[in-house]
Amino acid sequence: MNDFSLKTLGLLEFDVIRKRVAERAVSEEAARRVLDDLPLRDSEGVGRLKTQVKAILERINSSDEERRDSIPDIGFLLPKLAIAGTALELDEAYAIGVFVERGLALKAWIAKTSEPGLSELCLSAPDCAAIPREVFRVLDREGRLRDLPEFVEINRRIRSLIHDLDAVISGYTQDEDSRRMLQSTVPSQRDGRVVLALKANFRGRVKGIVHEVSASGQTLFVEPAEVVERNNDILIERRRLDAEILRVLREMTSRIAEHRTDLERFYELIISLEMLHARARYAYETRGHFAMEGNMLSLKQARHPLLGSSAVPIDFSMSGEINTVIITGPNTGGKTVSLKTVGLFALMNQFGLALPSDDGAVLPVFDGVYADIGDEQSLSQSLSTFSAHMTNISSIINAATDKSLVLLDELGSGTDPEEGSAIAMAILDHFIEKQVRLITTTHHGILKNYGYTRARVENASVEFDSRTLSPTFRIVMGLPGESRAVDIAARNGLQPAIVSRARSYLADERSDVSALIAGLKKKHEELDAGESARRLEQQRLKEERRKLDLKELRVKQKELEIKAGEAGKLKRLLEESRKTLENLVREVKEGELTREKTLKVKDFLRELEQSAVGADAAIEEDRRVLLEAQQNIAAEVADNTGAGTKRAKPHGKPCIMAGAEVLAGEYRRRGTVLRADKKGMWIVEIGSLKMRFKEEELIPLTPSVEAKKPIISTPDLVSSANPQFELSLRGMRVEEALETLQHQLDAAVLSGLGGFSVVHGKGNGILQKAVHDFLKTQSVVADYYFSRPEHGGFGRTEVALK
């Protein structure tokens with residue numbers, strides 16, 4: 001058995017998919033090769049193939065116009081060029097010229113891809129541009145022979161002879177006496193010579209050569225004597241023209257043959273590119289996603305491509321630690337379709353195709369895919385259903401390795417249930433020992449218990465809605481299913497009396513297995529409901545935290561505004577004071593130092609000090625309001641996170657201690673307490689001076705906001721308040737990158753930014769996937785998508801905000 005035998009490909013209907021891909025090729029030869037092509041078996045080859053197809057898909061998705069011109073087949077003409085002295089026919093030369101021209105256009109279009117290997121392959125192609133130049137020097141764009149200088153004189157001579165011939169013929173057709181001898185006034189041709197249709201009874205009246213007699217004998221096709229020489233001259237000139245055309249075509253063929261080796265290489269390259277192009281076109285039209293390679297097997301919302309809009313998406317997961325999955329459940333529940341979907345996806349993946357599923361599918365690369373699906377009964381070979389299954393499974397056992405995928409439908413069916421179960425378990429034991437990836441479906445109840453008692457084996461089932469008595473086609477991993485044969489029989493019209501009797505027999509014979517399965521199913525549903533509720537609560541808490549972070553960000557922005565206001569006020573105060581002081585100094589210099597001037601200076605200094613005290617008091621009030629807002633936010637965080645901490649109460653008047661900031665003395669000058677002095681006295685440093693004050697002369701200031709640590713973590717003020725148009729996350733760990741991205745989103749929303757770009761690089765795709773998963777959960781994000789190739793492609797994501 002071949003690793004990808006025609007039988008397996010037929011069972012999984014891969015040949016239908018392959019035909020659909022071939023239909024998207026614009027070259028008949030490329031289409032034929034796609035139909036003959038098989039899935040690859042090596043990981044490196046599969047990865048390279050998918051990378052190239054994805055690169056061409058990226059070109060299709062770009063704004064650049066895709067090349068979809070039909071490419072003629074010239075493969076059968078290449079051996080002809082190796083024959084010395086041969087001459088191509090007009091249509092053959094035209095096909096070669098068109099193939100090279102359109103092949104060059106396709107190569108140039110694909111060469112713009114971002115995939116280095118594909119670009120280098122295109123650039124390394126031989127230069128065959130001289131071939132279409134030579135072809136279309138001789139032929140026009142419709143494939144007709146051009147009127148070359150070599151043909152001009154001969155064509156002129158032929159036209160002149162034809163004109164003379166027409167004049168002679170007109171003498172017969174226009175003369176009244178001659179015209180009544182003719183059956184038709186329109187001349188005919190026989191063997192390339194012009195003749196007249198003469199009535200038989202006038203045979204002796206026109207001298208010439210009889211070329212043909214009509215079936216009735218009433219008409220003779222006669223070449224008049226005076227026409228013979230002219231016909232001969234025309235025939236000679238046409239032979240000369242044919243010989244000249246043959247010479248030109250032979251010379252053209254000879255020049256094309258000089259490039260035969262390059263043309264053969266170019267031909268193979270273009271056919272290979274078009275085969276990739278057809279795969280990319282299929283991916284574009286089906287809107288599929290390429291699977292990642294991994295040890296596990298995971299499909300998300302996988303839809304069988306041949307079922308169209310009626311396909312029900314399935315989720316299927318088989319971790320690297322699991323070798324065997326046993327799927328049970330009711331008839332018509334989708335077990336066989338699920339089996340075929342997994343097998344077909346494996347083949348499509350190794351054929352370089354996108355899969356009709358959600359993004360994130362993971363598939364290993366298998367060295368063979370083997371299937372035993374359906375009724376294999378054969379009357380001609382005297383094989384029963386069971387025998388046919390055993391024959392097929394025996395050949396699979398001989399061929400499968402630990403890197404193969406085996407799909408067995410209704411394992412152990414078609415014979416006595418007890419013996420069939422025993423054979424099924426023995427087959428499963430064999431595949432488990434060989435560590436073959438196996439997915440099987442069954443109705444045998446004992447195999448459900450087998451799945452629970454064997455390592456590296458997992459049960460799965462197709463879900464059944466007991467209220468509607470119909471399958472949901474959803475696969476439930478980790479849980480076996482019931483066949484529900486009686487329910488399905490009743491739903492399909494079996495008489496109620498028979499159904500009732502079947503239920504009574506079943507109640508007498510059934511073990512506790514069904515009750516156990518029902519209990520497990522109920523527990524599974526409860527766990528699903530709990531997990532769903534947990535995710536919703538987690539999302540709600542995350543949104544609450546985001547809102548609180550935004551509130552804190554606004555507080556920080558208010559703080560920044562206060563600082564800016566403080567600086568502005570101080571600047572204006574200094575400017576006004578400087579002008580007043582300069583005027584006072586000028587007055588002092590210009591005259592005597594009188595008592596009035598001295599008092600004026602003192603008054604100014606007193607007013608300046610009072611202004612400073614007033615400004616300090618206003619700033620302190622703003623700081624107090626800001627601090628209370630921060631404390632309120634901290635309390636909200638504690639309430640929402642269930643920390644149980646009580647909301648912080650505003651502090652009373654701070655006490656005087658060493659290091660405290662105070663307003664000292666009558667003029668409320670700002671200073672720092674150094675130490676206690678005598679009873680009730682404190683040493684305060686004001687500027688460079690150290691002064692003694694009574695405690696009642698000191699007004700302690702509220703500790704500055706800058707000196708306090710935030711109660712909750714806050715984003716960096718600069719990066720949050722000033723969003724970036726291009727945020728680079730390269731070199732960051734995932735946690736650090738997501739935190740930076742969250743700050744960017746908050747800042748962008750506050751500043752009214754409509755969108756920005758995130759540079760995460762390509763690498764292994766971990767950071768790229770984390771960024772997309774994060775953006776998917778953000779309510780402020782309207783859309784996100786990869787940048788155009790010239791702007792970064794898959795290494796950069798564009799984010800649009802609501």
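Trainee: Where does Asp191 lie?

Mentor: In this predicted model, Asp191 sits in the loop between β1 and β2.

Trainee: Why is Asp191 called exposed?

Mentor: The relative accessibility of Asp191 is 73%. Exposed means over 50%, so Asp191 counts as exposed.

Trainee: What is noted about phi of Asp191?

Mentor: Phi of Asp191 is near 55°. That is a positive value in a residue other than glycine.

Trainee: What is the phi of Arg287, and where is the residue placed?

Mentor: Arg287 has a positive phi of about 55° although it is not a glycine. Arg287 belongs to the loop between α12 and β5.

Trainee: Is Arg287 buried or exposed, and how do you know?

Mentor: The relative accessible area of Arg287 is 53%. The cut-off for exposed is over 50%, and therefore Arg287 is exposed.

Trainee: Why does Leu106 count as buried?

Mentor: Leu106 has 2% relative accessibility. Buried means under 20%, so Leu106 counts as buried. Leu106 lies in helix α6, residues 90-110.

Trainee: Which residues are in contact with Leu106, leaving aside its neighbours within four places in sequence?

Mentor: They are Arg67, Ile71, Ile270, Leu273, Glu274 and His277. A contact is a pair with heavy atoms within 4.5 Å. As for Arg68, its C-alpha is 8.5 Å from that of Leu106, and the two residues are 38 apart in sequence.

Trainee: How much of the whole chain counts as buried?

Mentor: Of the 802 residues, 42% count as buried. The chain exposes about 43,100 Å², and carbon and sulfur atoms supply 52% of that area.

Trainee: Why do the side chains of a strand fall into two groups?

Mentor: In a regular strand, side chains alternate between the two faces of the sheet.

Trainee: How do you know that β8 and β12 pair?

Mentor: Pairing needs at least two bridges. Strand β8, residues 324-328, is joined to β12 by 4 bridges, so the two strands pair. They run parallel, and Ile326 stands opposite Thr440 in β12.

Trainee: How many bridges join β11 to β12?

Mentor: There are 4 bridges between β11, residues 404-408, and β12, and these strands run parallel. The bridge partner of Leu405 in β12 is Arg437.

Trainee: What is the order of the sheet that holds β1 and β2?

Mentor: That open sheet has 4 strands in the order β1-β2-β4-β3, with antiparallel pairing.

Trainee: Why are β1 and β3 called edge strands?

Mentor: Strands β1 (188-190) and β3 (208-213) each pair on one side only. From one strand to the next, the twist averages 45°.

Trainee: How do you know that β2 and β4 pair?

Mentor: Strand β2, residues 193-199, and strand β4, residues 219-224, share 4 bridges in the antiparallel sense. At least two are required, so β2 and β4 pair. Lys199 stands opposite Thr219 in β4. Helix α11, residues 225-257, packs on the sheet and touches β2, β3 and β4.

Trainee: Which sheet has mixed pairing?

Mentor: The open sheet of 4 strands in the order β20-β21-β23-β22 does. Its edge strands are β20 (726-728) and β22 (781-786), each pairing on one side only. The twist averages 20° from one strand to the next.

Trainee: How many bridges join β21 to β23?

Mentor: Strand β21 (residues 755-759) and strand β23 (residues 796-801) are joined by 5 bridges and run antiparallel. Ser757 stands opposite Glu798 in β23. Helix α23, residues 766-776, packs on this sheet, touching β21, β22 and β23.

Trainee: What is the volume of the largest pocket, and which residues are closest to its centre?

Mentor: The volume is about 1,800 Å³. Of the 42 lining residues, Lys54, Asp359, Gln768, Phe786 and Phe794 are the closest to the centre. The largest share of the lining, 8 residues, comes from α4.

Notes: Residues numbered from 1 in each chain as written. Predicted model: local features only at pLDDT ≥ 70, side-chain atom pairs only at ≥ 80, totals over all residues. Heavy atoms only, no water. Buried < 20%, exposed > 50% of the residue type's maximum accessible area, 1.4 Å probe, protein only. Areas by Shrake-Rupley, 256 points an atom, 1.4 Å probe, with all protein chains shown as cover. Axes fitted to C-alpha atoms, helices over the stretch in contact; angles between N-to-C directions. 1 Å grid on protein atoms, 1.4 Å probe; cavity = no way out; pocket = protein on both sides within 12 Å on 5 of 7 lines; lining within 4 Å. Points joined across faces, edges and corners; volume = space filled by probe spheres on them.
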